[in-house]
Amino acid sequence: MYETIALVGATGAVGRIVLEQLVERKFPYKRLKLLASERSVGKEVRVGDETIKIELLEPNAFKHVDLVIASTPDEVSAEFAAWAVEAGAVVVDESAFWRMDDKVPLVVPEVNPDAVDHHSGIIASPNCSTTQMVVALAPLHKAARVKRVVVSTYQATSGAGIAGNEELKDSVRDSLSGKVHPAKVFQHPIAFNLIPQIGSRKYEGYTSEEMKMVYETRKIFGDDDIQICPTCVRVPVMIGHSESILVETERPLTAAEATELFRAADGVTVVDDLDAMQYPMPRDCDGKDDVFVGRIRKDISGSGGIAFWCVSDNLRKGAATNAVQIAELLVRKAAAVSS
Ligand code: 2RA
């Protein structure tokens, strides 16, 4: 058990859910510190039966802290993580800053739990669009080795934080009264629209969000030969990222075999009955921790691959839940060593 844990970024969209998860999942700790920038210092946050005052995120804030869960912008993580590690804490970090650092494991507990054994103080949690895809692909990769993936995402506005959801609401309200709400968070008005750009130009016309899916997936599976062609799209949905995935495996799988592998996998729920109009949709996955798959079928264009549809709550498994699960994994591993 960790005596003192800290959450950095408690007031953000993901931070709020981390707090809910710590309570819901009965994460073992004695004391919880909430740390944030000057703007939030002194604010009171209800956590289960406790009310906790937010303290300033500064170099001395991590004295006696054993474990940190952090959901902050990259530049904040770049600075504070060293303070925490220096004070002896382990940091489970949600930002993109550390994910591709060779010394930092990038962990999805259902996929590569043993990667946590090799940390030097920081453990990274992947980007939401990567996390749900690797949870779904992991059982296929284990059984038949994934060679190539073509993925299109349909990403919720909450991926851009509370401000993203506010912009969607304002944009819908203004559109319905015949006005155009000026886009601030997104590149274009999001109401009744789809925006095929998440992040900035990164490589050969692909965006930063798309290249995260490539690099992070390879790191998590420990296989640089996996070829991935992603297209990331922002859609006017508040919670729940959806992905249309075509996967080719070294040993071709039938749709029935893939379905059985999905059914047996940890963290995956199959919802797949086209005749009964049953398939995963963001509205149904909101507030749930699993990755949902459906529309599982063979690729009829001749790749020998499997096509499927995958939905997950981007704030939960895509962020908060994965971070808390990493922390739980650390607790279990420490208990196993000491017993
Ligand atoms: C998004 N994947 O949806 C990002 C958040 N990490 O914008």
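These legends accompany close-up views of two annotated residues in a predicted model.

**View A. Gln155 and Arg234, the residues UniProt lists under "binding site".**

**View B. Glutamine 155 in strand β8.** Look for glutamine 155 within the strand that covers residues 146-155. Its relative accessible area is 1%, so glutamine 155 counts as buried. The side chain of glutamine 155 makes a polar contact of 2.9 Å with the side chain of glutamate 209. Beyond its close sequence neighbours (up to four places away), glutamine 155 touches residues including Ser129, Ile198, Cys232 and His241. Arg234, its partner in the annotation, is also among the residues touched by glutamine 155.

**View C. Arginine 234 in strand β11.** Here the strand to follow is made of residues 227-234. Arginine 234 has a relative accessible area of 7%, which means that this residue is buried. A polar atom of the arginine 234 side chain lies 2.7 Å from the backbone oxygen of alanine 156.

**View D. The surroundings of arginine 234.** Leaving aside neighbours within four places in sequence, the contacts of arginine 234 include Gln155, Ala156, Thr157, Gly159 and Ala160. Also among them are Phe186, Ile190, Asn193, Leu194 and Ile195. Ile198 and His241 are in contact with arginine 234, and glutamine 155 touches both of these residues too.

Notes. Residues are numbered from 1 along each chain as its sequence is written. This is a predicted model: local features need pLDDT of at least 70, side-chain atom pairs count only at pLDDT 80 or more; totals for chains, interfaces and linings use all residues. Side-chain values use heavy atoms; hydrogens and water are left out. UniProt positions are given in the numbering used here, feature names are shortened, and annotations may be inferred rather than shown by experiment. Helices (H or I, at least four residues) and strands (E, at least two) are DSSP runs, numbered from the N terminus. Buried means under 20% relative accessible area, exposed over 50%, partly exposed in between (1.4 Å probe, protein chains only). Contact means heavy atoms within 4.5 Å. A polar contact is a pair of N or O atoms within 3.5 Å; within protein, one must be able to donate a hydrogen and the other to accept it, and residues adjacent in sequence count only if both atoms are side-chain atoms.
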